[in-house]
Amino acid sequence: MPENSAQERTIRITASQATLEGNLTIPANPRGVVLFAHGSGSSRHSPRNRYVAQELNRAGFATLLMDLLTAEEEAGELYTAHLRFDIAMLAERLIDATDWLKKNRETAGLRIGYFGASTGGGAALVAAVGCPAQVSAIVSRGGRPDLAGPALPRVKAPTLLIVGGDDREVIKLNQQAYDQLDAGLDKKLEIVPGATHLFEEPGKLEEVARLATGWFERYLPDREQLSGSEGLHVNR
């Protein structure tokens, strides 16, 4: 796959009365944009999500890696660890970031996908229900989609759940969430053999990136396809 390099820059978004920072990367002729929802105790500097984002950039997708908590909130989490499980608040901030992408000149014409990790997987699903017309695909890596609770049957975006084969408890939680997703939804549960929760084993994170890229290539059309169907609303 040819490299599609692009400059990364820091942006700031006002969401739920908080100013959040993110890293936005837009390659030439982007085919879509993927918004990352990080998990508990993580940030936009997560080496695992950054690796997946770089592979998506190489495949021609723009990416936005967001901090869903402010620096002050992160500091407080060291003692309370309560906000990282506030799925409703995290989802609301994801929706605000989605609105920003739709208004930003460079990304306004692109379809949006969500990539969630750990608790970010649950937040991504809830956010997708909150703005169904804006979200075209969801990928969860080692996620907690079960935390989306009653929102699961209302998810409309095609959803891929990726879990490590040795992450047994999370497999159970993902299977339960998968079963609650609408039966007519394009959905898939991928179990990566020999991988633990963080996919740290050789080649396993590469497999996550491959699966995620394939899913977004299927559901996030490039700008030319989008302009060709201007004015039409297509349900996938």
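The legends below accompany close-up views of a predicted model of one protein chain.

View 1. Among contacts between residues at least 6 apart in sequence, 68% join residues at least 24 apart. The accessible surface comes to about 10800 Å², and carbon and sulfur atoms account for 48% of that area.

**View 2. The open sheet formed by 8 strands.** The strands follow the order β1-β2-β4-β3-β5-β6-β7-β8, and their pairing is mixed. Because β1 and β8 (187-192) stand at the edges with a single partner strand each, one side of each is left without a neighbour in the sheet. Neighbouring strands are turned by 20° against each other on average, with direction ignored.

**View 3. The pairing of β1 with β2.** These two strands pair in the antiparallel sense over 8 bridges, and Ile13 has Leu20 in β2 as its bridge partner.

**View 4. Helices α1 and α6 against the strands.** Helix α1, residues 47-58, packs on the sheet and touches β1, β2, β3, β4, β5 and β6, while its direction makes about 165° with that of β4. Helix α6, residues 204-219, lies across β3, β5, β6, β7 (159-164) and β8, and runs at about 165° to β6.

**View 5. The largest nonpolar core, with 42 residues.** The residues with the most contacts inside this core are Leu35, Leu64, Met66, Leu94, Tyr114 and Ile138. Two or more residues are given to the core by each of β1 (8-15), β2 (18-25), β3 (33-37), β4 (62-66), α3 (87-103), β5 (112-117), α4 (119-130) and β6 (135-141), and α3 gives the most, with 7 residues. In soluble globular proteins, nonpolar side chains tend to be buried together.

**View 6. Another core, of 25 residues, lying apart from the largest one.** Among the residues of this other core are Phe199, Ala212, Trp215 and Phe216.

**View 7. Residues 225-236, where pLDDT stays under 50.** For the protein chain as a whole, pLDDT averages 87, and 83% of the residues score at least 70. Over residues 225-236, by contrast, pLDDT stays under 50, and the model has 8 contacts for them beyond four places in sequence. Where pLDDT is low, the predicted coordinates should not be read in detail.

Terms used. Residues are numbered from 1 along each chain as its sequence is written. This is a predicted model: local features need pLDDT of at least 70, side-chain atom pairs count only at pLDDT 80 or more; totals for chains, interfaces and linings use all residues. Side-chain values use heavy atoms; hydrogens and water are left out. A nonpolar core is a set of buried Ala, Val, Leu, Ile, Met, Phe, Trp, Tyr and Cys residues joined through side-chain atoms within 4.5 Å. Buried means under 20% relative accessible area, exposed over 50%, partly exposed in between (1.4 Å probe, protein chains only). Helices (H or I, at least four residues) and strands (E, at least two) are DSSP runs, numbered from the N terminus. Contact means heavy atoms within 4.5 Å. Accessible areas come from the Shrake-Rupley method with a 1.4 Å probe; for residues, only the protein chains shown count as cover. pLDDT is the predictor's confidence in each residue, from 0 to 100. Two strands pair if DSSP finds at least two bridges between them. Axes are lines fitted to C-alpha atoms, for helices over the stretch in contact, and angles run from 0 to 180 degrees between N-to-C directions.
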